[in-house]
Amino acid sequence: MFLALASAFAITQALEDAAPLSALQQDVEQVCALVPEHYAYFESRAAHWDAACDLARAEAAQSEGAYVLAVLEGLIDALYDTHINLNTNNQTSPWLIPSGSQIRVAEQADGQVVVTDVRTGSRAEGLDIRPGDVLRTINGQAPMEAALRRMRTGDTDLPARRDWALNAAVTGYRHEARRLQLERDGEVFEATLGGFPARRTGTPVSYRMHAPGVGLIRINNSLGRDETVAAFNAALAELGDIDTLILDLRDTPGGGNTSVAEPILGRFVQTRTAYQRIEPTDAPAWIRHVDPVAPYADVALTVRVGGWTGSMGEGMAIGLDAMGRAEVIGRPMAGLAGGTEGFHLSGGDLMLWMPTYNLAHLDGTPRHEWVPPARGN
C-alpha cells in the first residue's frame with residue numbers, strides 16, 4: 001500500500017512540475033486523438049499514426065512556444081488523404097490537392113512517372129505540358145526522391161501513399177516554384193510552375209452553344225456559392241431550345257454543398273430520385289434523393305469530368321450516372337474520399353476538416369474509386 005501511494009504521489013508531482021503545453025502542443029495532442037476517433041478511413045492508415053504523432057510532438061516541443069503551422073501540416077500528411085486539411089495556410093504551406101495542383105501524375109509499372117492530366121486554364125497548360133509526358137525531375141530530384149520529402153514516416157512502398165506523395169511533390173508549396181524536367185517523344189524540355197494554379201473566373205458558370213442544338217454549361221468552381229443555382233438556371237434558359245446539354249464539371253476542385261448541387265440535379269429528373277449512398281461509420285447506410293425542380297430540362301445530358309472534378313462535383317457525376325440520366329465522360333476524378341466535418345482545435349479559430357463517413361455510387365462503389373465509364377479529355 002505504501003509503495004502504491006508513493007507511486008501515485010510521484011506521478012502527481014511530475015504532472016504538477018511539468019511545463020504547461022503550448023497552443024501548438026495542445027493542437028497536436030488534439031489532432032492525434034481526433035483522427036482515430038472520427039476519421040472514416042483511419043483503419044487503413046493506422047499503422048504509422050503513432051510514429052507520426054511522436055514526430056509532431058517532438059517538433060512542437062522544439063518550437064519553443066512559437067506556433068509553427070507546418071508541424072500540423074506535416075502531421076496530417078501522414079494520412080495521405082487529399083480530403084483532410086486545415087482551414088488556414090501561410091506562405092510556406094503546401095498547395096492543397098486538387099485545388100492547388102496544375103498537373104496530375106502517376107507511377108508506371110516500369111518506375112517512370114507520367115503526366116496523366118493537365119488543369120484547364122493553368123500555367124502548365126500554357127506551357128504545353130500534356131498527358132503522356134514523362135516527368136524526369138522536380139527541382140533537380142528524381143520524382144520519388146522528391147516525394148519522400150512528404151512521406152516522413154511509415155511504409156514508403158504502399159502504392160496509394162506513393163501516388164499521393166508524387167502528386168504532393170509536383171504540386172509543391174506556396175512559396176516555391178517547381179522546376180520540372182519532362183520528356184516527350186525522346187525530347188527533353190523544362191517547365192517552371194508557380195503562383196496561383198489556374199485562372200480565376202468571377203462568374204459562377206460559363207455557357208455557350210457548342211454545336212447546333214448542343215449547349216454547354218461549365219461550373220466555375222462554384223458549387224459552394226448560393227448564386228450558382230440562379231446562374232445555372234439563367235444559362236439553361238439562355239441556351240434555349242437545345243437537344244443536348246454538356247455539363248462541364250472539370251473545374252470543381254473546391255467541392256461545394258448539396259444545397260447548390262441538388263437544385264441543379266433536380267432540373268434533370270421528373271420524380272424524386274435516388275442518387276447517392278451515404279455510409280456512416282456508426283450507423284446503417286442510407287440513400288440520398290434529389291427532388292425535381294421545374295421546369296424539367298428535357299435534353300440528352302453529357303457530363304465531362306477530370307482530375308479537378310472534386311467532392312461535390314464528384315457526387316454530381318456519380319449521381320447522374322446512377323440515375324441513368326447522363327453519360328459521364330472524361331479522365332479519373334479527384335478521388336476526394338467521403339464527406340467531411342470540421343473540428344475546432346483548442347477552442348480557437350483553427351479547424352481540422354476530415355472525412356467522417358463514406359460516400360458511394362448507388363451500386364456500392366466508393367465515390368473516390370469510381371471512374372467514368374467513357375474515356376475522354
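Let's start with Ser311, which is found in the loop between β12 and α10. A word on those labels: helices (H or I, at least four residues) and strands (E, at least two) are DSSP runs, numbered from the N terminus. This is a predicted model, where local features need pLDDT of at least 70 and side-chain atom pairs count only at pLDDT 80 or more, while totals for chains, interfaces and linings use all residues. Residues are numbered from 1 along each chain as its sequence is written, and side-chain values use heavy atoms, with hydrogens and water left out.

Back to Ser311. Its phi is positive, about 55°, although Ser311 is not a glycine. Most residues other than glycine have a negative phi, and most peptide bonds are trans. Is Ser311 buried or exposed? Ser311 is buried, because its relative accessible area is 14%. The cut-offs are these: buried means under 20% relative accessible area, exposed means over 50%, and partly exposed is in between (1.4 Å probe, protein chains only).

Next, Gly310. Gly310 also lies in the loop between β12 (300-305) and α10. Gly310 counts as buried, because its relative accessibility is 0%. What does Gly310 touch, not counting residues up to four places away in sequence? Thr252, Pro253, Gly255, Ala334 and Leu336. Contact here means heavy atoms within 4.5 Å. Now look at Ala337. Gly310 and Ala337 are 27 residues apart along the chain, and their C-alpha atoms are separated by 9.5 Å.

Tyr80 has a positive phi too, near 35°, and is a residue other than glycine. Find Tyr80 in the loop between α4 (69-77) and β1. Tyr80 counts as buried, because its relative accessibility is 6%.

Let's look at α4 itself. Eight of the nine residues of α4 are buried, so α4 is largely enclosed by the rest of the structure. Among the buried ones are Leu69, Val71, Leu72 and Glu73. What covers them? The cover for the buried residues of α4 includes α2, α3, β1, α7 (159-171) and β15 (351-360).

Now helix pairs. Two packed helices are described by the angle between their axes and the distance between the axes. Axes are lines fitted to C-alpha atoms, for helices over the stretch in contact, and angles run from 0 to 180 degrees between N-to-C directions.

Take α2 (residues 23-38) and α3 (residues 49-62). Their axes come within 9 Å and cross at roughly 170°. That makes α2 roughly antiparallel to α3. In numbers, angles under 35 degrees count as roughly parallel, over 145 as roughly antiparallel, 65 to 115 as roughly perpendicular and the rest as oblique. On the α2 side, the contact residues include Leu24, Val28 and Cys32; on the α3 side, they include Trp49, Cys53 and Ala56.

The second pair is α9 (residues 258-265) and α10 (residues 312-322). Here the axes come within 10 Å and cross at roughly 30°. α9 and α10 are therefore roughly parallel to each other. Which residues meet? Thr258, Ala261, Ile264 and Leu265 in α9 meet Met312, Met316 and Leu320 in α10. The buried residues of α9 are Val260, Ala261, Glu262, Ile264 and Leu265. These pack against β8 (214-219), α8 (227-239), β10 (273-280), β11 (286-290) and α10.

On to the rings. How many aromatic pairs does a search of the whole structure find? Three. Rings of Phe, Tyr and Trp (its six-membered ring) pair if their centres lie within 6.5 Å; planes under 30 degrees apart count as stacked, over 60 as edge-to-face and the rest as tilted. Tyr39 and Tyr41 are buried.

Trp95 and Phe196 form another edge-to-face pair, with 6.2 Å centre to centre and 80° between the planes. This pair links distant parts of the chain, 101 residues apart: Trp95 sits in the loop between β1 (85-86) and β2 (103-107), and Phe196 in the loop between β6 (187-193) and β7 (205-211). Trp95 is buried, at 10% relative accessible area, whereas Phe196 counts as partly exposed, at 43%.

Last, two cis peptide bonds. One joins Ile97 and Pro98, with omega about 10°. Pro98 is in the loop between β1 and β2. The other runs from Ala294 to Pro295, with omega near -5°. Pro295 has its place in the loop between β11 and β12.
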